[in-house]
Amino acid sequence: MSVDVDGSRYVDDVEPRTLLVHHLRERLGKIGTVVGCDTSNCGSCTVLMGSADGEQRSVKSCSVLAVQADGTAVTTIEGLAGPDGSLHAVQQAFHELHALQCGFCTPGMILSAVDLLRDNPAPTEAEIREGLSGNLCRCTGYQNIVRAVQSAATALQASAEVVLPKEATV
Amino acid sequence: MTVTETPMGFGRMHRKEDARFVRGQGNYVDDVNLPGMLHGSFLRSPYAHAKIVSIDTSAAEALPGVKAVITGAVLETLKLAWMPTLSYDTQAVLATDKVRFQNQEVAFVVAESHYIARDALELIEVEYEPLPVVADAKQALAPGAPVIRDDKEGKTDNHIFDWSAGDKEKTDRIFAESEVVVAEDILYPRVHPSPLETCGAVADFDKVSGKLTIYSTTQAPHAHRTVYALVAGLPEHKIRVISPDIGGGFGGKVGIYPGYVLAIVGSIVTGKPVKWMEDRNEHLTATAFARDYHMRGEIAATKDGRIRALRVDVLADHGAFNGTAQPTKFPAGFFHIFTGSYDLEAASCNVTGVYTNKAPGGVAYACSFRITEASYLVERMIDVLAFELKMDPAELRLKNLLKPEQFPYTTPTGWEYDSGDYPKALRLAMDMVGYEKLRVEQAEKLQRGEYMGIGISFFTEGVGAGPRKHMDILGLGMADGAELRVHPTGKAVLRLSVQTQGQGHETTFAQIVAEELGISPDDIDVVHGDTDNTPFGLGTYGSRSTPVSGAATAIVARKVRDRARIVASAMLEVSPDDLEWEKGKFFVKGDPDQAKTIQEIAMAAHSSLELPEGVEGHLDATTVYNPPNLTYPFGAYICVVDVDPATGQVKVRRFIAVDDCGVRINPMIVEGQVHGGLADGIGMALMQLMAFDEDGNHLGASLMDYLLPTSLECPSWELGETVTPSPHHPIGAKGVGESATVGSPAAVVNAVLDALKPLGVRHADMPLTPSNVWRAAQGRPIRTDLAIS
């Protein structure tokens with residue numbers, strides 16, 4: 001199988017039963033993606049994976065076979081920051097608003113938030129809570145995560161307004 | 001919330017830890033990969049209680065890629081089939097004679113991959129002979145109950161211990177003469193801390209050097225090293241325990257589990273590093289549970305609501321092996337702090353521990369050694385009394401709370417509370433929620449047939465175990481070391497015995513040093529979790545890091561400052577007594593221009609500068625802190641819920657939490673700790689339960705049924721604070737991490753029952769799931785038999 005992960009192509013022979021999360025962690029060394037449960041509830045393993053509509057969508061990589069990712073592009077938490085190391089707006093907001101403690105849910109939570117904000121760039125608090133309800137956190141009580149996503153939404157919109165040419169908004 | 005970037009000491013500071021975690025660059029146990037590493041996995045028991053007739057491992061051993069299959073019989077030859085627990089009991093590492101709880105460890109396969117290891121488990125044949133099961137703690141002491149621990153010589157029943165505290169005679173006397181006496185059976189059900197990262201280890205035994213390195217999910221790496229040394233017979237200098245980044249602990253990672261032992265044995269047997277990483281089902285069913293206290297509370301009072309005494313009987317379900325983690329002299333932890341925040345004449349309790357066919361545990365999930373149970377008991381009993389007296393629960397509390405002038409206050413069961421201003425905290429919470437208006441709203445809603453409830457919980461915590469004279473774990477006194485080294489250029493490294501699992505130690509402990517020495521926290525590296533490189537101490541649980549190691553850190557920094565004063569006096573050619581300290585520098589009294597910064601002093605301390613006789617130079621120090629007492633943070637919590645009695649649905653509308661943990665090192669981090677604990681409270685009060693059927697089958701053994709709150713069940717928390725410093729603590733700080741988990745369940749339950757009060761419901765047990773609330777609203781008991789005889 002061949003999969004693009006965080007901008008690099010990996011070609012491997014993979015057992016059909018291998019879960020994507022284990023392929024990422026154990027074969028490709030992408031250990032930022034972690035495992036928190038065995039029943040697809042916790043979302044710790046969330047990555048963005050190419051889908052039929054050509055967009056990368058959040059998936060729980062514990063519930064995808066690696067071979068199902070053949071020919072797709074996957075973004076893990078390790079590929080989210082810019083090439084210069086600058087943090088994505090969601091990563092930055094998580095830091096500034098203390099939206100993480102042990103850090104174990106954080107990679108999945110951030111990628112879910114990135115997916116949420118692409119679909120809904122200005123979500124309400126209720127929409128954020130709904131949008132992140134597939135990601136469990138044991139440390140934060142969610143409040144600062146919600147606030148971080150709100151803050152990231154504002155930052156992303158502000159930056160979008162700057163980069164968009166004027167004609168595009170008319 | 002404004003964050004001051006890098007304050008020179010206490011204050012809101014962004015976390016140093018975040019940089020790696022938001023990039024996926026943390027280093028958790030399962031991220032550890034060593035050359036040649038193998039993978040281990042357990043075969044577990046399908047029965048709760050059964051004799052093992054035979055185990056056939058031949059097919060598993062023949063599977064390509066399998067390197068070893070270890071059974072109890074193999075461990076017996078190594079004298080490792082049983083291990084000591086933190087309660088001086090024993091626990092089976094691998095079952096030999098029989099299994100005593102469902103999912104108990106029976107065999108361990110070591111293979112080239114965890115996929116192959118799991119395949120091999122399917123090939124092991126075990127013949128069991130099922131035995132009668134004790135699933136209900138109330139049946140454990142019944143005549144004829146099957147004896148679970150027949151491995152213990154002469155053991156003919158399931159009794160573990162009886163333990164009591166307080167003045168029983170005086171308490172009984174007051175109960176006999178009191179105007180009002182109310183009793184209630186209150187269950188604190190079995191739950192599980194369930195950190196998002198399960199338990200795991202990578203053991204690497206180097207046959208040449210004889211050195212064992214074990215990476216593991218441990219909250220107490222030094223204590224683990226000592227236990228391994230005692231059990232395995234290896235000297236401590238040949239054991240290195242490394243606790244890397246931990247994905248949450250919540251008390252579930254204090255003790256030693258069979259998996260750690262088998263990773264070690266597997267490494268010794270195969271000569272390769274061995275990783276063991278359990279899955280969620282294994283974690284929920286076989287690692288430390290929390291609570292499971294069946295309590296009968298009795299409260300004595302006057303007709304006008306003056307509380308006089310409390311009496312409690314507890315039946316404690318400890319599972320098949322007594323593995324509770326608490327100081328040796330306290331088999332029921334600190335449960336006898338159950339008089340809470342109130343001024344009572346007397347109190348007494350008795351706790352009876354029993355074996356059942358369940359996993360071991362008991363002390364976990366931010367319980368501060370059973371204070372969750374104690375606090376829940378008293379806060380429920382206060383509401384039960386208010387129900388009977390038809391009094392407002394806030395008024396009843398205000399009438400009985402300890403007053404600020406009574407501190408330090410010795411409770412009827414012997415605790416000496418350090419400081420507190422309780423009425424102030426409760427009034428602040430009531431103001432924040434708008435208590436009077438809410439009661440009006442509640443009455444109006446009831447007219448319309450809508451049920452809303454307001455629940456109050458006022459708690460006093462006891463954290464920071466503890467004074468070495470009274471508190472030890474397996475004989476290890478609960479004092480903690482700290483070591484501080486300031487480098488020539490004025491940057492520093494602080495080494496600690498405590499072990500963060502997300503609580504932000506790398507940030508806050510640097511802030512303590514910054515506060516004391518005026519070195520930027522960004523220039524201070526906090527090292528923890530590696531027993532080769534940190535001073536001895538007992539680790540992080542019981543919210544003890546700030547009370548014990550926080551104190552040690554302040555003191556070690558002050559020792560360094562004392563040395564710096566001498567160096568500065570040599571530099572400035574004045575007497576040390578002529579120098580004055582201002583954060584970051586010493587200056588000559590009356591001449592502030594004559595000054596040396598801590599950075600200049602650090603360089604001079606390493607230079608050829610001539611120092612007074614007996615002063616060694618360099619700028620470092622070590623200390624061991626033996627706390628004189630616990631710290632006693634407190635808080636006033638108010639929860640507002642809407643309840644639909646027709647469906648049993650509970651919606652938490654608001655949650656106000658006023659916490660007082662004395663001086664706040666980093667308020668941002670304190671607030672995050674409180675948020676997390678409040679979510680625990682919602683989870684325990686409304687969702688979580690580890691249930692068993694009569695055959696001992698563990699129900700709800702996965703996240704499909706063992707429900708953890710998501711962002712949807714949690715409201716936006718509303719926090720308040722008061723500051724009552726601990727007088728005995730070097731920086732006036734108290735612990736706080738577990739406060740919200742201790743205090744919040746009672747607030748939620750009291751709120752739900754407040755809503756159901758018009759229906760005549762006085763008490764219902766957690767979890768208040770829709771079906772349980774519906775039953776309670778129908779006047780049906782949730783549990784039919786809670787009487788403790």
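This is a predicted model: local features need pLDDT of at least 70, side-chain atom pairs count only at pLDDT 80 or more; totals for chains, interfaces and linings use all residues.

Trainee: In what order do the 4 strands of the open sheet in chain B stand?

Mentor: The order is S26-S25-S24-S30 in chain B, with mixed pairing. Strands (E, at least two residues) and helices (H or I, at least four) are DSSP runs numbered from the N terminus, and two strands pair if DSSP finds at least two bridges between them.

Trainee: Which are the edge strands?

Mentor: They are S26 (524-527) and S30 (619-625) of chain B, each of which pairs on one side only. From one strand to the next, the twist averages 15°.

Trainee: Do take one pair as an example. In which sense do S24 and S25 of chain B pair?

Mentor: Strand S24 (residues 480-486) and strand S25 (residues 492-496) of chain B are antiparallel, with 5 bridges. In this pairing, B:Glu483 is opposite B:Arg495 of S25(B).

Trainee: Which strands does helix H13 of chain B lie across?

Mentor: Helix H13 (residues 505-517) lies across S24, S25 and S26 of chain B and runs at about 130° to S26(B). Helix H14 (residues 545-572) of chain B also packs on the sheet, where it touches S24, S25 and S30 of chain B, at about 145° to the direction of S30(B). Contact means heavy atoms within 4.5 Å. Axes are lines fitted to C-alpha atoms, for helices over the stretch in contact, and angles run from 0 to 180 degrees between N-to-C directions.

Trainee: Now the backbone. Which residues does the cis bond with omega of about -5° join?

Mentor: That cis peptide bond joins B:Phe407 and B:Pro408. B:Pro408 belongs to the loop between helix H10 (393-400) and strand S19 (409-410) of chain B. A cis bond also leads from B:Ala465 to B:Gly466, with omega near -25°. Most peptide bonds are trans, and most residues other than glycine have a negative phi.

Trainee: What is the phi of A:Tyr142?

Mentor: A:Tyr142 has a positive phi of about 75°, although it is not a glycine. This residue is in the loop between helix H4 (125-131) and helix H5 (143-163) of chain A.

Trainee: Is A:Tyr142 buried or exposed?

Mentor: A:Tyr142 is buried, at a relative accessible area of 2%. Buried means under 20% relative accessible area, exposed over 50%, and partly exposed in between (1.4 Å probe, protein chains only).

Trainee: How many salt bridges are found across the interface?

Mentor: There are 4 salt bridges between chain A and chain B, where the rule asks for a side-chain nitrogen of Lys or Arg within 4 Å of a carboxyl oxygen of Asp or Glu. One of the salt bridges links A:Arg138 with B:Asp680 (3.9 Å, N to O).

Note on methods
Residues are numbered from 1 along each chain as its sequence is written. Chains are lettered from A and ligands numbered from 1 in the order in which they are written. Side-chain values use heavy atoms; hydrogens and water are left out.
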